Amino acid sequence: GVPVIASDLGGLREVVRDGENGLVFRAGDAVSLRVAIEKLVGDPALYARLQPKPPSTIAADYDAFAAAYRG
C-alpha cells in the first residue's frame with residue numbers, strides 16, 4: 001500500500017514510470033535515492049497519487065477477457 005521507489009536498473013525499471021506510478025532513482029547514487037524519498041515524503045498529494053491501486057478481481061478480469069473474445 002505504499003508507493004514504489006525503484007532504481008533505474010533491472011526489471012522494476014520496465015514497470016515503474018517516474019512520477020506516473022512510482023519514482024525512479026539512479027542505481028548506486030545515494031543522493032538520487034535521498035531526493036526521491038524526500039520528494040515523496042514532502043508532497044502528500046504525490047504520495048497519495050502514487051499509492052498502488054488494488055489489483056482487479058478474478059471475476060472482473062474474466063468479464064473483461066470474455067467480452068474481448070466475444071468481440
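Val4, Leu12 and Val15 together make a nonpolar surface patch of about 240 Å². Patches here are built from residues with over 30% relative accessible area and no salt bridge, with nonpolar side chains (Val, Leu, Ile, Met, Phe, Trp, Tyr) joined within 5 Å and like charges within 9 Å. The areas come from the Shrake-Rupley method with a 1.4 Å probe, and for residues only the protein chains shown count as cover. Valine 4 sits in the segment before β1 (5–7). With 34% relative accessibility, valine 4 counts as partly exposed; on this scale, buried means under 20% relative accessible area, exposed means over 50%, and partly exposed is in between (1.4 Å probe, protein chains only).

Before going further, keep in mind that this is a predicted model, where local features need pLDDT of at least 70, side-chain atom pairs count only at pLDDT 80 or more, and totals for chains, interfaces and linings use all residues. Residues are numbered from 1 along each chain as its sequence is written, and side-chain values use heavy atoms, with hydrogens and water left out.

Now to strand β2 (residues 23–25), where you'll find valine 24. Helices (H or I, at least four residues) and strands (E, at least two) are DSSP runs, numbered from the N terminus. Valine 24 is buried, at 18% relative accessible area. Setting aside neighbours within four places in sequence, valine 24 is in contact (heavy atoms within 4.5 Å) with Ala6, Ser7, Asp8, Arg13, Val16 and Asp18. Take serine 7 from that list: it is 17 residues from valine 24 along the chain, yet their C-alpha atoms are separated by 5.4 Å.

Move on to helix α2 (residues 30–42), which holds serine 32. Serine 32 is buried, its relative accessible area being 11%. Beyond neighbours within four places in sequence, serine 32 touches Phe25 and Arg26. A polar atom of the serine 32 side chain lies 2.9 Å from the backbone nitrogen of arginine 26.

A salt bridge here is a side-chain nitrogen of Lys or Arg within 4 Å of a carboxyl oxygen of Asp or Glu, and the structure holds three of them. Aspartate 29 is partly exposed, at 21%. Another salt bridge joins the side chains of glutamate 20 and arginine 17 (3.1 Å, N to O). Glutamate 20 is exposed at 53% relative accessibility, while arginine 17 is partly exposed at 43%.

From glutamate 38, it is 26 residues in sequence and 39 Å in space, C-alpha to C-alpha, to alanine 64. Helix α4 (residues 58–70) has 13 residues and reaches 18 Å from its first C-alpha to its last, close to the expected 18 Å, a span defined as 1.5 Å times one less than the number of residues. α4 is hardly covered, with a count of one buried residue among its 13. After α4 comes glycine 71, with a positive phi near 95 degrees.

Methods. Polar contact = N/O pair within 3.5 Å; in protein donor to acceptor, adjacent residues only side chain to side chain.
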